[in-house]
Structures are given as structure tokens and as C-alpha cells.
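Hi,

Here is the structure I said I would pass on to you.

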Amino acid sequence: MGSYLIRRIFRTLLVMLGISLVVFVFVRSIPGDPAVAMLGERATPEAAAALREQLGLNKPWFFNPSNPLDAQYPKYMSALLQGDLGSGIKSNIPVRDDLKARFPATAELSVAALLFALVVGMPAGILAALRRNSIWDNLATTISLIGVSMPVFWLGLLLSYFFAVKLGWLPPSARLGSSVSIERITGFYVLDGLLRGQPAAAWDAVRHLVLPAIALGTIPLAIIARITRSSMLDVLGQDYVRTARAKGLSGRAVVLKHTLRNALLPVVTVIGLQAGALLGGAVLTETIFSWPGIGSWVYDAISQRDYPIIQGGVIFAALVVSVANLLVDLSYAALDPRIQYS
Amino acid sequence: MTTATTTPAARQDSIFWRRFRRSAPGKVGAVIVGAFVLLAVFASVLKPYDPTVDRNYSLILKPPSLSALWDKDVAEAYKDPVTGQVNVWRAPFGTDNLGRDIMTRTLHGTRISLKVGVVSTILALLLGTLLGLLAGYFGGWLDSVLGYLTDVMLAFPSILLAIGFASIFSASDPPFLIAAMDRLFALNSPQLVTAMLAVSLVQVPVYMRLARAVVLSIREREFVQAAGALGASQGRMMFRHVLPNSLSPLIVQGALSIATATIEVAALGFLGIGAQPPLPEWGTMISDGRQYYIDAPWTMLFPGLAILLTVLGFNLLGDGLRDVLDPRSTQ
């Protein structure tokens, strides 16, 4: 286990190095001169050249024969390792500060979406497997099929049209009403509202969270329901479950004690793999619901060609996904003692 | 010799169809996909359309004309000022902010979406399978390097990778490859070609992993070993023995990927990075309608419905093909 852990972490670090390299090359391949983008279209060539010099953009990318460390990539990596991601071109705010301010919004939305997906998807999958080929099974299968086929951005607009515009039950955008404010502790507004003893504000945050969480959680919900169903069916068909039934255990005991725990292993994998899908979906969901998270931030940066923000946001997203994958692999050991790491 | 080779092939066909007819999702999916293919092929016959000149400022953001049957206000909007007759078929899905008929645009969007979905999937399938085949067959450092690249690519949320890729190429002066593909597939939009390639690129690692895994299991089978013992060359073993026997899961994944590609290209269009207006691409149409959807929800309702149905069709078809080609994996 120990050597596996080390090798797995080493591999994750190697992947992160690859990520930094990919983003480095990508950002430098985007057409347009960042110096001109920063100074504006009317900048003189001399001013642009001076800024390029100042930013180090006239240096070679990877290797400088006269001084090996005086190239763009080593400088970029050393800044990255110190957590320095540069500053937004338009705002001039350090990317790291923006990231810190916005990550809790995306995290809160993702957690809410995942919670919605789990609370609805797992019971639906279990029910479908236990009552195989019943109306419930067909219903759950059909709904999950429609769920995986759903364009998130369209679903978001539909939800906002029906529940916010037509029925007026829930707010259509933002994280809080304009009259409500919560002093920040964790950045999760629902939690902060409760911690600060402002239940009304927390409730307002919950109401703002519902629609985007449903939009973002629908595809994970469908996937979780499908995986839970097929995994349950797989386990229910195994010999030891038949033995348990033959011993005369009640159906309930068989399901709760013998089946569920083993059937949930693939579900854990899927939850971990959803990290990437959630961050990707956040770009669309946050744009629709004006949610001040990382997704809408990166989207705005792309439309304004704000390279440091794109770079920082994408690297951050990729890091989150790599760490989530690592955690999934490691959590297997805790959940399934049969797995040997060699 | 000829009879010996044709008879089993014919029998295999009949097994394929017999199993496929028994698969309910497969049948429904095939019907939906078939319907959309027909619509795409005959779009120009049903309703000739030129997105650049289609405008009608007397019918801006009008509700679906079919609702004129029960709604007096709508009937008023679609009344011919000369004859006084109401044409309920004028714009069955309503009109958008430039007075364009949404049904016609959605219909022609079918063409774009199917073309882009199929082409991007085929490109990813070819490249990914080839790389996966090489990695699985030869193993060693090639396998390690490709596996590492796959890990790196899969760490990016696919939509972000696609956005990044799509933003590298300038639309006004597209590289030769993109301009050539634009002409070849008659898409009339270099940005759409870039989006298509981006979505395709994101799928490559998926095929690579799948092909590699299948090849690893097939490579050790007796018939491949026998071919090697009989003196078959590496290339012959790879392409004549291993590849044909690895195709089933790749075909299943292909149908499912067309679904993913359709959604992702529409998402890029929605974000303004894929197809550009006035092209009637579904995602772009929804993005156009976004400003008006509070008063005119039909501008985004129907293109989205079209995406949902197409994607559902391909997902069902993929499930059906899995029932047929890979029955062990079906629950």
C-alpha cells in the first residue's frame, strides 16, 4: 500500500507537470500579442516591445543556450510553484485572489449538484434494480436516459424560464438577493449564513442554489442512477446473496447488509469521475445563472482574451480533476479490502 | 472456398438483425436517428434556405403560428393583410428576433449537427483506435508515453480543452487544414470546423483507452498466436487479425460519442466559440434566443428539443448496438 501510494502520487505529479506544459503551449499559441492586448490597439510598437521585454515574452520558450534558466517555461513553472498565476489583464487583480474568491461559489454549486444527484439518483437506481422490469424500473431507466441526453445549457434556460420567470418561485440568477449580505467565513453562503446565525440569509442562499444545482446535477444524476442499477443487479445475481436469502434472511437485511455496500463501489468511482464533468458543466451553468464562480469567470476571460485568467482557471480545474482521480483510487482501499495494491 | 466464406457472413448478418430487432432501445434509437438523417438529407428539398438573406421584419418574435388555432392575438399576427386569411403553417415553431422561421432554421440545423457529430466521431475513432492499437500491440515505452498523454488530456474538463483548442485558430485566416475541411464538408464556417476538431480531439483518449484494452485481451488469443506462428507479419497480425476482432466495442462507443459530440458542439456554439450567426446551428440558435427567452421562449425551446432528441436517438442506438454486439456487458 505504501509504495503504491507513493507511485500513485508521483504519477499525479507527473500528470500535473504535463498539464502545466500543455497550458503553457496552448496559451502561447493563441493568436494575438498579449502586450498589444494589455496596452490596447493604439499602442506604439516601441511600447509593445518594451512591455514584451518586461514580461519576458522575448525570451526563448524552453531553453536559453546562454543561461539555461533564463527561458519562459522555467520562469513560468517557478512562479506557478509559488502559487503566482499572474494578474488579469483587464482587472489587474491577481489571478490567485480571484480564484480564492470564486472557488467557494463553484464548490458550493458542485456540492449541491452532487447532493441532488446522489439523493435522487441512488434510490432510483436501487429501486429500479430491486423491482427489475417493473414500471419503476422502466421509469427510472427512461428518465436517466433522457437525463444523459440533456444539453445542460438548455435545461438551465428552461428551469429558469418556468420556475423563475413564469411561476416566480425561485430567483433566476446570482447567489443572494440584493438586500441580503453574509459576512464570509467559508465562502459557502448556506453554511456561512447558519454559522453567523442568519437563518433567513441562509434560506435565501438555498433558494438561489436550487435551480443551478438541478441543472448541473441532472447528468450526474442520470449516470449515478444507471450505474447504481447495473451494479446492484450485478451483486444481486451473485452466489453469496443467494446464500443469504437461502439462510432465510429477510429481503431487507439482504439488501442493506449484503448487497448495498458491495454495489456502491462503482458508484464511488463515478462520483469521483464527475469532478471533471461538474467543473465543465459549471462553465455553462454559471454563465446561465450569473453564478460568480470559476466557470463564468473563465468564460468571460475567454470572450475578452484575458490569458492569465484562462491559464489560471484551466490549470486549477485540471488540478482539481487530477486530485479527485487520485482520491478515487485511494478510496478503493478503504472501501474494498479485497483490492491489493501491488 | 467462396461458399465457405460467404455462408457464415450471411448467417452473422441475420444474427445481428435478429438481436437488433429484439432490442427495444436499439429500435427506438434507429427510428429517431433515421428520421433526423432523412430530415437532414431532404432539408433543402422540403424548404430551401439561405441563412444570410432570410429575414422578415414584419414578423419579429411571434409565437408559434399553430397556436393561432386557439389564440386570437397570435391569429392576428399571422393574418394576411390583403386576404385576411390566417396561415397557421407560416411559422409552426414561431419566429426569432429577425423574423426568421424557427422551424426552417431548426430543420437546417439538423444537417449541421449530424455532419459535425459524425465527422468528429469518425476522426476521433480513427486516430484513437490507431494509437490504442499501437499502444496495446507493441506495449513498452510507446504504451507508457501514450498512456501518459491520455492521463494528461483526460485531466482537463473536456469542454475547457475544447474551448482552449477552439481559441487557438483565428477565424479570419484559418490554417490550410481547417479551410480544406470547411470546403470538404460544406460547413461555411471555419469556427465550426475548429469546434468540430476540438470536440474530436477531446474524444481521442477515450478511443485510445478502449482500443488498447480490447487489443490487450485479443492479442493473447490462440488465433492471433497461430497467425504469428504461421509467419504473419506484424502489420498483418495487427490489421487483419487483432483489429477486426476489436471493433464491436468501438462501434458501440462510436454511436455514444456522436451523442456527446452533438451536445459539445452545441455547447461551444452556445458559448459563442463554435458556429457563428447567422448559421442555423442549434447551440448558436439557443444563444441567439437567450436575450429574448423571457418573452419568446420558443426561440430556445425548439432548437434545444432538437438537440435532446438527436442525442437521445444516438444514445439509444448505442445501447441497442451494445445489446447486439457485446451482449455480455448488458444488464
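Below is what turned up, chain by chain and then for the cavities.

A few ground rules before you start. This is a predicted model, where local features need pLDDT of at least 70, side-chain atom pairs count only at pLDDT 80 or more, and totals for chains, interfaces and linings use all residues. Residues are numbered from 1 along each chain as its sequence is written, chains are lettered from A and ligands numbered from 1 in the order in which they are written, and side-chain values use heavy atoms, with hydrogens and water left out.

**Chain A**

Chain A has 14 helices and 0 strands. (Helices are DSSP runs of H or I with at least four residues, strands are runs of E with at least two, and both are numbered from the N terminus.) Its C-alpha trace spans about 85 × 55 × 40 Å along the principal axes.

Two helix pairs in this chain are worth a look. Helix α6 (residues 135-148) of chain A packs against helix α9 (residues 199-236) of chain A at an angle of about 140°, and their axes are 8 Å apart. (Axes are lines fitted to C-alpha atoms, for helices over the stretch in contact, and angles run from 0 to 180 degrees between N-to-C directions.) That makes α6(A) and α9(A) oblique to each other; angles under 35 degrees count as roughly parallel, over 145 as roughly antiparallel, 65 to 115 as roughly perpendicular and the rest as oblique. Their crossing is left-handed, meaning that the near helix is turned anticlockwise from the far one by less than a right angle, while clockwise would be right-handed.

The other pair is α10 (residues 239-246) and α11 (residues 251-263) of chain A, at about 160° with axes 10 Å apart. These two helices, α10(A) and α11(A), are therefore roughly antiparallel, and they pass in a right-handed crossing.

Also find N92(A), in the loop between α4 (72-81) and α5 (95-130) of chain A. N92(A) is not a glycine, yet has a positive phi of about 65°. Most residues other than glycine have a negative phi, and most peptide bonds are trans.

**Chain B**

Chain B has 13 helices and 0 strands, and its C-alpha atoms fill a box of roughly 85 × 45 × 35 Å along the principal axes. Here α4 (residues 102-138) and α10 (residues 234-245) of chain B pack at about 115°, with axes 12 Å apart. So α4(B) and α10(B) are roughly perpendicular, and the crossing is right-handed.

P277(B) and P278(B) are joined by a cis peptide bond, with omega about 10°. You will find P278(B) in the loop between α11 (247-270) and α12 (282-289) of chain B.

**Cavities**

There are 3 cavities of 30 Å³ or more. (On a 1 Å grid over the protein atoms alone, a cavity is a set of points where a 1.4 Å probe fits but cannot get out, and lining residues have an atom within 4 Å of a point.) The largest cavity holds about 180 Å³ of space, a volume being the space filled by probe spheres set on the points, which are joined across faces, edges and corners.

It is lined by 16 residues, and the closest to its centre are F26(A), I310(A), V314(A), L160(B) and G164(B). Two or more lining residues come from each of α1 (2-29) and α14 (307-335) of chain A and α6 (158-166) of chain B, and α6(B) gives the most, with 5 residues.

Enjoy exploring!

Technical notes. On a 1 Å grid over the protein atoms alone, a cavity is a set of points where a 1.4 Å probe fits but cannot get out, and a pocket is an open set with protein on both sides within 12 Å along at least five of seven lines; lining residues have an atom within 4 Å of a point.
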